[in-house]
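Please look over the model below. My notes follow as numbered points.

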Amino acid sequence: MKIGFIGAGTVTGTFGRHLLGAGHEIVVSNSRGPETLADFAAKLGPGASAGTRQQAADCEVVILAVNWVNVPGALAGIDWRGRLLVDATNAHADPDPDLSLDGVARSRAALHGLTSSEIVAQLAAGARLVKSISNMPMSWIQDFSPAKPRTVLFVSGDDAEAKRVTSDLIDSTGLAAVDLGSLKTGGAMHEVGGPLSALELHFVRALERE
Ligand SMILES: NC(=O)c1ccc[n+]([C@@H]2O[C@H](COP(=O)([O-])OP(=O)(O)OC[C@H]3O[C@@H](n4cnc5c(N)ncnc54)[C@H](OP(=O)(O)O)[C@@H]3O)[C@@H](O)[C@H]2O)c1
């Protein structure tokens, strides 16, 4: 599968590497243009290329991986209708996140009762939005070996097919997707400040279901 990233920092470098390890192709983009990302893409290795935001958005799955303050600019100017957009962002009120209880409470208050992905959904009108990849620091998934733990990445969203595609993509990397439901209820559980945010969970087994 071909996956585009809007943003080319820690999340893209980490989750992108998991995707490349599973045989996927990735296109990485930032605000400054592909020429500024040649080294970043080269370091990721074969299968990674630098592109424009539009080229990233034209991929089968698009991952939004920019800081919260940059979300409006990162989504602007693209027709999102029908595109599968995975929101990997965390809605920190400050560019330099304050992870204390007060800082987290302030970030949540700034959302005025919406989940952060509901706000992203408003900014990317018509996108088939899934929230995922955002529930833990990337430093916890730096094992890229085939024997890596099946670390749980949550997914939430209102489009069942988009969630299935996203979950299959995560599972293909050796990490484990767990569906928490809609953007509103599921999103509230794994976004910053939610009860399932910032927990490292490893998938061990599930009962076979018919
Ligand atoms: N780091 C983690 O462990 C982690 C874990 C889970 C979730 N998250 C969340 O994921 C998001 C990204 O985090 P990160 O750590 O990867 O951030 P980062 O390392 O600071 O990278 C952010 C990237 O966004 C790009 N960017 C900024 N404005 C842009 C625009 N208008 N259009 C396209 N690209 C733009 C930046 O490049 P230019 O400035 O050159 O454009 C940079 O490549 C954040 O919301 C964060 O809260 C982070």
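1. Ala109 sits in helix H5 (residues 101-109). Helices here are DSSP runs of H or I with at least four residues, strands are E runs of at least two, and both are numbered from the N terminus. Ala109 counts as exposed because it has 11 C-beta neighbours inside 10 Å. The cut-offs: buried means 20 or more other C-beta atoms within 10 Å of a residue's own, exposed means 12 or fewer, and partly exposed is in between, with C-beta atoms placed from the backbone. Ala93 is 16 residues from Ala109 in sequence and 9.1 Å away in space, C-alpha to C-alpha.

2. A word on provenance. This is a predicted model, where local features need pLDDT of at least 70 and side-chain atom pairs count only at pLDDT 80 or more, while totals for chains, interfaces and linings use all residues. Residues are numbered from 1 along each chain as its sequence is written.

3. Strand E4 (residues 61-64) is parallel to strand E1 (residues 2-6), joined by 4 bridges. E4 also runs parallel to strand E5 (residues 84-87), again through 4 bridges. Pairing requires at least two DSSP bridges between two strands. Val61 stands opposite Ile3 and opposite Leu84 in E5.

4. Which way do the side chains of E4 point? Val61 and Ile63 face one way, Val62 and Leu64 the other, and all are buried. In a regular strand, side chains alternate between the two faces of the sheet.

5. The largest nonpolar core has 53 residues. Such a core is a set of buried Ala, Val, Leu, Ile, Met, Phe, Trp, Tyr and Cys residues joined through C-beta atoms within 7 Å. Phe5, Val62, Ile63, Leu64 and Val86 touch the most other members. E4 gives the most to this core, with 4 residues. Counting contacts as C-beta atoms within 7 Å, placed from the backbone, Val86 touches residues including Val61, Val130 and Ile133, with those up to four places away in sequence left out.

6. Two backbone angles deserve a check. Most residues other than glycine have a negative phi. Ile133, in the loop between strand E6 (128-132) and strand E7 (152-157), has a positive phi of about 70 degrees. Ile133 counts as buried because it has 26 C-beta neighbours inside 10 Å. Ala198, in the segment after helix H8 (185-190), has a positive phi of about 60 degrees. Ala198 is partly exposed, with 16 other C-beta atoms within 10 Å.

Key:
Contact = placed C-beta atoms within 7 Å.
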